[in-house]
Amino acid sequence: MTILETGTAARTSWMVCPGCAAMIYVKRYGRSDRVCPECDHHGLLTAQQRIDLLLDADSAQTIEYAETLADPLGFTDSKPYPERLEAARDKTGMSDAVHCVRGTMGGTPVVLAVMDFRFLGGSLGSAVGEAITTAAEAALAERRPLLIVTASGGARMQEGIVALMQMAKTSRALRRLDDAGVLTVSVITDPTYGGVAASFATSTDVIVVEPGARLGFAGPRVIAQTIGQTLPPGFQTAEFLLDNGIVDMICHRSALRDRLIRLVGMTTRSARPFTNDNAAVITDPAALTAVDPWDRVRNARRLGRPTTLDHLAGAFEEFLEVHGDRIGADCPAMVAGLARLDGVSVAVIGTQKGHTAAELNQRNYGMPTPSGYRKAMRVLRLAEKLGLPVITLVDTAGAYPGITAEREGQAVAIAESVKLLAGLEVPVVAVITGEGGSGGALALALADRVLVCENAVYSVISAEGCASILWQDASAAPRAARALRVDATALLELGIADAVVPEPEGGADADPAAATALLRRALRQTVHELRAWSTSDLLAHRHARFRAFGVARHDVQENR
């Protein structure tokens, strides 16, 4: 930063934006929490400024941590390491590069650890490792969400191998929070590299990143010098990371506190009083209007039907979407995140098509890639960790069959998702809202309750595919649809579906808002019923339900 003062009386302060080099009035820069009004560059904040920005006023209480070795190696470069520490303490007023506090965020108790890049580049040494670990232990003991705001150049070289061990130490602390079901969130600020990036910054449940922030194990200069690669524009920035499935969301600093309040609020229980609504779904096949199965297929494919995002907007009070498989991709055909249904926090996963040709193309026609199923599995595991019911909304012709998908292990991804759902220790409700195409649909539909919308279909293969293979004539698709018994009435008779969600007259596309309201009604009733079941009853019933399919005679003991 460059501060320019003009005049001897007014002494008005100006600065040059580090992002765009525009002249900015310093007070205006401060009022915007150090975000440039010209280019939106997010400047550095001190740890105390971050705490003041994020926590409720006057709620912060410092968390003290144990004394650590001041100079484990007796290290000296151009000056002794203790002298560098002392200079950093004088400059920042901090004991080391992180400040940890208890506090509240929108009334929700949290533990917050904030790194400060001014202190030796936010490097990870014994003191930082001890502070982060102590903060995690406080979050564990008090069952508060742990939030970590990172800014670091990596491990502290002056502490050598001892600094490296802090990666293991902090990772073990976060693992204990995973085992205990405590939410962890990291907020990535610019820059976050090396040992911090490869430990507690990226091993949290949710990774939020500020616009333009850089994150990586090796910095661009190291990569260029080591292997001589030319790096693409925007490499390792927030936008690059989101596109490549590494982070969950980009959040502007002005919206960060509100976003985090909503996120940690998902861990609180605020269910509303509920009255049983037995008319919310149809369980008697005879109560359904007789319609040719081929007509149901065509109805299920209508572009005007509500999509997963439409249902999320209309059936749930709020939705926080997460992105990415944390490996290298984010599938646009799969939507996943945390939501509230009648005050109950839930995880929602669904395939997403679209209403126009452009939307369908953007969403890969609702056909998930392996990264989509791996993103879904991330959210399934998070739901299990936090004890949240899972709702899946399925409308897909099937899993994407392309070369890249096969190279990335499409069959393995589907198999892993089915197996994960089979043993998930929380209630699972699956709804076939349109097309339920083969294994790509089943990967989200092994559930305690399977609901089918009135005009939806569910099958091992498309009617056209079956007709082409067995009749060797694609025009025989109507005959195939009837033979496959893909419609809601048949699915209810076969026991594949537990209930049918009614649709407005003329179908869901005739009145999308009414269709979403009917879905909400069905979900409220079903989730309410399943939340009363114990984990052992859920798993026993789920096992018995799927164990019985295809058996000529069976007795299913339903544990309620």
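In the class counts used on this tour, Ala, Val, Leu, Ile, Met, Phe, Trp, Tyr, Cys and Pro are taken as nonpolar, Asp, Glu, Lys and Arg as charged, and the others, with Gly among them, as polar. The model on the screen is a predicted one.

**Enclosed spaces**

A search of the whole structure turns up two cavities of 30 Å³ or more. For the largest cavity, select Arg305, Pro306, His311, Thr433, Cys453, Val501, Pro502, Glu503, Ala508, Ala515 and Leu519, which together form its lining. The space they surround has a volume of about 70 Å³, and by class the lining consists of seven nonpolar, two polar and two charged residues.

Next, select Leu44, Leu45, Arg50, Val114, Met115, Asp116, Phe117, Val149, Thr150, Ala151 and Thr189, the residues that line the second largest cavity. This cavity holds about 60 Å³ of space, and its lining has seven nonpolar, two polar and two charged residues. If you colour the strands, you will find that β6 (108-115) and β7 (146-152) each contribute at least two of the lining residues, with β7 giving the largest share, three residues.

**Two helix pairs**

Now show helix α4 (residues 126-142) together with helix α5 (residues 160-180), whose axes come within 9 Å and cross at roughly 10°. Angles under 35 degrees count as roughly parallel, and α4 and α5 are therefore roughly parallel to each other. To see the contact between them, select Ser126, Gly129, Glu130, Ile132, Thr133, Ala136, Glu137, Ala139 and Leu140 on α4, and Val162, Gln166, Lys169, Thr170, Ala173, Arg176, Leu177 and Ala180 on α5. By class, this contact is made up of eight nonpolar, five polar and four charged residues.

Move on to helix α17 (residues 463-471), where Ala463, Gly465, Cys466 and Ala467 are buried. Among the elements that cover these buried residues are α10 (293-300) and α18 (477-484). Just after α17, select Gln472, which takes a positive phi of about 55°.

With α10 and α18 still displayed, look at how they meet: their axes lie 8 Å apart, and the helices pack at an angle of about 100°. α10 and α18 are therefore roughly perpendicular to each other. Pro293, Trp294 and Val297 of α10 and Ala477, Pro478, Ala481 and Arg482 of α18 make the contact, which by class has six nonpolar, no polar and one charged residues.

By class, the lining of the largest pocket has 14 nonpolar, eight polar and six charged residues.

For the last stop, the second largest pocket, which holds about 380 Å³ of space, select Asp178, Thr204, Asp205, Arg378 and Arg381, the closest to its centre of the 17 residues that line it. Helices α5 and α13 each supply at least two residues of this lining, and the largest share, six residues, comes from α13. Which classes make up the lining of the second largest pocket? Its residues divide into five nonpolar, three polar and nine charged.

Notes:
Residues numbered from 1 in each chain as written. Predicted model: local features only at pLDDT ≥ 70, side-chain atom pairs only at ≥ 80, totals over all residues. Heavy atoms only, no water. 1 Å grid on protein atoms, 1.4 Å probe; cavity = no way out; pocket = protein on both sides within 12 Å on 5 of 7 lines; lining within 4 Å. Points joined across faces, edges and corners; volume = space filled by probe spheres on them. Helix = DSSP H or I, 4+ residues; strand = E, 2+ residues; numbered from the N terminus. Axes fitted to C-alpha atoms, helices over the stretch in contact; angles between N-to-C directions. Parallel < 35°, antiparallel > 145°, perpendicular 65-115°, else oblique. Contact = heavy atoms within 4.5 Å. Buried < 20%, exposed > 50% of the residue type's maximum accessible area, 1.4 Å probe, protein only.
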